[in-house]
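I am opening my notebook on a new structure. My plan is to look things up one at a time and write down what I find.

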Amino acid sequence: MKVPADPQNVVFVIDDDASLRESLSSLLRSIGLHVELFDSAAQFLKSKRPDVPSCLVLDVRLPGLSGLDFQTELIKNDVHVPIIFITGHGDIPMSVRAMKAGAIEFLTKPLREQDLLDAVQAGLDRDRARRESDKTVTELRSRYDSLTAREQEVIGYVASGLMNKQIAGEIGISEITVKVHRGNLMRKMGAKSLADLVRMVDTLGIHRPQL
Amino acid sequence: MPGYARISRSAQLCFVTALWMIGTSGNAVQAQDRVPRVLLLYPYDNTPVASTISGETARKRLTERLNGKVQFNVDFLDLLRFQEETHRQQTARYLAEKYANTPIDIIISLNTETYRFLQSYRDLFAPKVPVVFCCVMRSFIDATPGRPGDITGFITDYDITKTIELAERLQPKARNLVFITGASPIDQMWHQMYRRQSAPFQSRFNVSFLNGLAYNEVLRRVSQLSPDSIVVLGAIFVDGEGRQLVAYEFGAEIAKVSTAPTYAPIDTFLGRGIVGGHMGTFEDAGIEVADLALDVLKGTDPRSIEPHSSQAQRFRVDAKQLARWGMSEAALPPDTLISFKDPTLWEQHRNSVIAALAIMVIEMALIAALLLQIVRRRRLEQDMQVAQSELARVTRVTTMGEMTASIAHEVNQPLAAIVASGNAGLRWLANATPNLEEARSAFTRVVRDGHRAGEVISTVRGMFKKNAQTRRPVDINQLVREVLALLNSQIANNDIVVRSSLAEPAPVVPGDPVQLQQLTLNLITNAIEAMAGVTDRDRVLRISTQAQGSEALLDISDSGYGIEPQHMERIFEAFYTTKTHGMGMGLSICRSIVLAHGGRLSASRGTPHGSIFHVVLATQEQA
C-alpha cells in the first residue's frame with residue numbers, strides 16, 4: 001500500500017527504541033495512517049511537519065528531555081498536537097500530570113492494540129476539530145479587520161443589544177449614522193442575525209460594553 | 001650587730017625610751033643602747049623535767065614578744081646533786097664573777113629551789129635585779145617569810161583536795177588513801193603539804209604515807225595495795241637510801257607496779273602511768289612567768305606585784321589509764337581534759353583520710369563522667385546503628401526496586417515491540433489485499449525482539465557472576481541476624497514469631513556479602529509475605545543454619561499456605577509470580593545469586609503448612 005504523497009493526517013512517533021518505533025509504525029500504517037518516526041524530541045522539533053490533522057505517540061522515558069517536560073515545552077511554544085503517552089511503568093502521579101496538561105491517553109507497554117488505535121483516532125479527531133475552529137477564528141478576524149474604525153467601535157455596542165438611539169447617545173453621533181454603520185458591519189461580518197453577530201464577537205473575544 | 005642596723009630610727013627611739021624608763025624606775029637596767037638581758041635560772045641540770053619545760057616555754061614566749069630583741073643567759077644550779085649549803089655559796093660567787101661585767105635586767109626563777117636560792121643569794125651576784133618566779137609551792141612561801149619585794153611571781157597551789165576528789169569520782173568504792181613522797185628537802189615539803197591537806201579525808205579513808213622510803217621498798221609496797229586504794233604521788237627526788245631520782249621516772253615505775261590507781265598533781269607524771277589529777281602545765285607556768293617578766297621589763301615596778309596563784313590549773317586525766325583501770329569517762333568532772341586518747345583513725349590520719357576521700361570523690365566523679373560518656377556513646381552508637389540499618393534497608397530495597405525496574409524496562413521494551421509487531425503483522429495479513437512483505441518484516445521483528453528479551457535475562461545473570469571476585473568469608477549466622485535486624489519492624493508489625501536455630505560454630509562461606517544479604521533478605525521477605533493472609537494459626541518464621549560436610553545449609557520456612565504443586569516447578573523462573581503485585585523477579589534473582597556462588601536453591605512444602613526454601617552453599621571456594 002502506497003503512502004499518499006499529500007496525507008490527510010499524520011501520526012508522529014517519538015521513541016528511542018528503534019525496534020518499538022518500527023513496530024508501532026507498522027501497526028499504525030497497517031490501518032492506513034501516515035506515520036513519521038523520531039528518535040528524540042529535538043529531532044521532532046527540528047523537522048518540518050505537514051499542516052494536517054496529526055497526533056503524537058510519545059515515550060515518557062526519553063533520553064534528555066523527558067516526555068512530560070517535552071509536553072510542557074510544546075504547550076509553551078504554542079504547538080497544539082494531541083499527545084498519547086506510552087510508558088514501561090507509569091505511575092498515577094505521572095499520568096495525572098500528563099492528562100491535566102491535555103494528553104489524550106496514557107498507555108502502558110506492552111500496548112493493547114485497540115487502546116492505541118482508539119487513542120490515535122481520538123487524537124486526530126481532536127486535532128482536526130481544533131484546526132477547523134482555528135480556521136473559523138482566522139476568517140472572522142480578517143472580516144473584523146476589514147471594518148472601519150467607527151464600525152469596530154459600534155460593533156461592540158450592537159452586540160451588547162443596544163438600540164441605535166442609545167449607541168448614538170453613547171458615542172455622540174446621529175442615530176441615522178449609527179444605522180448605516182450597523183448595516184455595513186452586519187454585511188461585512190457576514191452575520192445573518194444579531195444572535196449570529198453576538199457569537200462572532202464572543203469568538204473573537206471583543207469587549208461588549210454594558211450600560 | 002647587723003640585726004640592729006636594720007631597725008628604723010623611730011623604732012630605735014622607742015626602744016631607747018623604753019630602756020630609759022626602766023632605768024628611771026630604779027632597776028638595774030640602765031638606759032643603754034642594748035637589748036634586755038634575761039637570766040634564766042634552772043634548779044637542776046638540763047634533763048627535761050618540769051622546770052626545763054617552763055624555762056623553755058618562757059624563753060620562746062619572750063623571744064616572740066620582743067621580736068627577738070632579747071638576750072638570754074642560762075645557768076643550771078645543780079641543786080639536787082649538790083644539796084650542801086657550800087655548793088650554793090660557791091654557785092652564788094661564781095655567778096657574781098660571771099656577771100660582773102654583764103649586767104642582768106631580770107632573773108626568771110623556775111621552781112621552789114631556785115626561789116630559795118635567790119632568796120638567799122641574789123644580792124651576792126645580782127643586787128636589785130628584779131626576779132620573777134613560777135612554780136613555787138605555797139607551803140614554801142608560807143614557811144619562809146622575808147621575801148624581798150622585787151622578787152615576785154606565781155605560786156603553785158598543789159591542791160591535793162581536788163586531785164582526791166577526782167580519784168573519788170573514779171573510784172567511788174575506794175577506802176584507802178596512800179601518799180608517796182621522797183626524802184629530799186623539797187620532797188619533805190610535799191610530804192608536809194599532803195599530811196596537812198589529807199586531814200579532812202581521815203574520816204572517810206584509811207590514810208597512810210609512804211614517806212622517804214627506799215626505791216625498792218616503795219615498789220614492793222605499792223605492788224601489794226588493795227585495789228580499793230587511791231595512790232597519790234608527790235615529789236620524789238631522792239629516795240630513803242639517798243639515791244637521786246628523776247621524779248617522773250620513779251613515778252612511772254610506781255604507777256606501773258601499783259595494784260591500785262595512782263594520781264598526782266604534777267603534769268610531768270601525766271602520760272607516764274598515773275590516772276590524772278588536778279594540775280597545771282609547766283608550759284602554762286612558763287607563759288605566765290614570761291608575761292610577768294615582760295611587764296617588769298616595760299617598767300612595771302615588781303614591788304607593786306604581789307605573788308599570786310597560778311591560774312592555769314584543771315582536772316587532767318590519761319585516757320589509757322582510765323581504760324587500764326576500767327574507769328568511765330562519764331564519772332569525770334565536766335571540764336576535765338582527757339589526754340593520750342588513742343587517736344581515732346580520723347584524728348590520726350586526718351590529712352590522709354581527707355586526701356583519700358578527695359581522691360575517691362574525684363575518682364567517682366571521673367567514673368561517673370566516663371560512665372555518662374559511655375552511656376551517651378552507646379546511645380549514639382545505637383542510634384547510629386538504627387540509622388545505618390535503616391539506610392542499609394532502604395539501600396537494599398531501593399537497589400532491588402531500581403534493579404527490577406531497570407530489568408523490567410529492559411525486558412518490557414522488546415515485549416512491547418513484539419506485541420506491536422505481532423498485531424501489525426496480523427493486520428497486514430488481514431487486509432483485503434494482504435501485504436505479505438510488511439507482515440514478514442513484522443514477524444522478523446517479533447523473532448528478533450524475542451531474542452533481545454532473552455539477552456536481557458542473560459545479562460542479569462552475568463551481572464551477578466561479574467562480582468565473583470569480590471568474595472570474602474561470610475558468616476551465615478551473622479548474615480541471618482543482620483537481615484532479621486533489618487526486617488525487625490516488618491516482623492513485629494506482622495505478628496510473626498521467629499524461631500531461629502543457628503549452628504555453632506557458625507558456617508562460613510566464601511561469597512559476596514551484599515549478594516548473600518540480598519538473597520537472605522528476599523527469602524525472608526517472601527516468607528513474611530507468604531504468611532500475610534494467615535489468621536487461623538501462628539505465623540512462624542523458622543530459620544536454621546547447619547554445616548554439613550563441605551556445605552553450609554540455610555533453611556527458611558514459613559507457616560503460610562504454601563506453594564501449589566503446579567507452581568512449584570516454575571517459581572524460580574523470571575517473571576513468574578503468584579503474587580498480585582509481584583514482578584516475578586525475586587526468586588529468579590535469588591537463584592541467580594545462589595548459582596553464581598556455586599550453590600543450590602530449592603523449595604519444598606512444609607509440614608503441616610507453608611513452604612521451605614533450602615539454600616546450599618559451598619564452604620570451600622569453587623575452582
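How many helices and strands does chain A have? I count 9 helices and 5 strands in chain A. I note that this is a predicted model.

**Entry 1: chain A overall**

I read chain A along its sequence and wrote down the pattern β-α-β-α-β-α-β-α-β-α-α-α-α-α. Next I looked up burial. Chain A has 211 residues, and 32% of them count as buried. Then I turned to contacts with a separation of 6 or more. In chain A, 63% of these join residues 24 or more positions apart.

**Entry 2: helix α3 of chain A**

I picked helix α3 of chain A, residues 67–76. Which of its residues are buried? I found A:G67, A:F70, A:Q71 and A:L74. I then looked down the axis of α3(A). The buried residues fall within an arc of 105°, so they line one face of the helix.

What covers the buried face? My list for chain A includes α2 (41–46), β3 (54–59), β4 (83–87) and α4 (92–100). I also checked what comes just after α3(A). There A:D78 takes a positive phi of about 60°.

**Entry 3: chain B overall**

I moved on to chain B and found 20 helices and 20 strands. Chain B has 623 residues, and 37% of them count as buried. I repeated the contact check with a separation of 6 or more. In chain B, residues 24 or more positions apart account for 71% of these contacts.

**Entry 4: helix α7 of chain B**

Helix α7 of chain B covers residues 160–170. I listed its buried residues as B:I160, B:T163, B:I164, B:L166, B:A167 and B:L170. Seen down the axis of α7(B), they fall within an arc of 155°, so they line one face of the helix. I then looked up what they pack against in chain B. I found the helix α8 (185–197) and the strands β6 (176–181), β8 (229–233), β9 (262–263), β10 (276–280) and β12 (313–318).

**Entry 5: two helices crossing in chain B**

I compared helix α3 (residues 50–65) of chain B with helix α11 (residues 282–297) of chain B. Their axes come within 7 Å and cross at roughly 45°. That angle makes α3(B) oblique to α11(B). The crossing is right-handed. Among the residues that meet, I noted B:I53, B:A58 and B:L62 in α3(B), and B:A285, B:V289 and B:L294 in α11(B). By class, this contact has 11 nonpolar, 4 polar and 4 charged residues.

**Entry 6: where the chains touch**

How many residues does each chain give to the contact? I found 17 residues from chain A and 21 residues from chain B. On the side of chain A, helix α1 (residues 18–30) gives the most, with 8 residues. The chain A side divides into 7 nonpolar, 6 polar and 4 charged residues.

I ended with B:A442, in helix α15 (residues 436–466) of chain B. Is B:A442 buried or exposed? B:A442 is buried, because 25 other C-beta atoms lie within 10 Å. Leaving aside neighbours within four places in sequence, B:A442 is in contact with A:S26, B:S421, B:A424, B:G425 and B:W428. I also looked up B:G422, 20 residues from B:A442 along the chain. Their C-alpha atoms are separated by 6.6 Å.

Technical notes: Residues numbered from 1 in each chain as written. Chains lettered and ligands numbered in written order. Predicted model: local features only at pLDDT ≥ 70, side-chain atom pairs only at ≥ 80, totals over all residues. Contact = placed C-beta atoms within 7 Å. Helix = DSSP H or I, 4+ residues; strand = E, 2+ residues; numbered from the N terminus. Nonpolar A, V, L, I, M, F, W, Y, C, P; charged D, E, K, R; others polar. Buried ≥ 20, exposed ≤ 12 C-beta atoms within 10 Å, placed from the backbone. Axes fitted to C-alpha atoms, helices over the stretch in contact; angles between N-to-C directions. Parallel < 35°, antiparallel > 145°, perpendicular 65-115°, else oblique. Left-handed = near helix turned anticlockwise from the far one by under 90°. Arc of directions from axis to C-beta.
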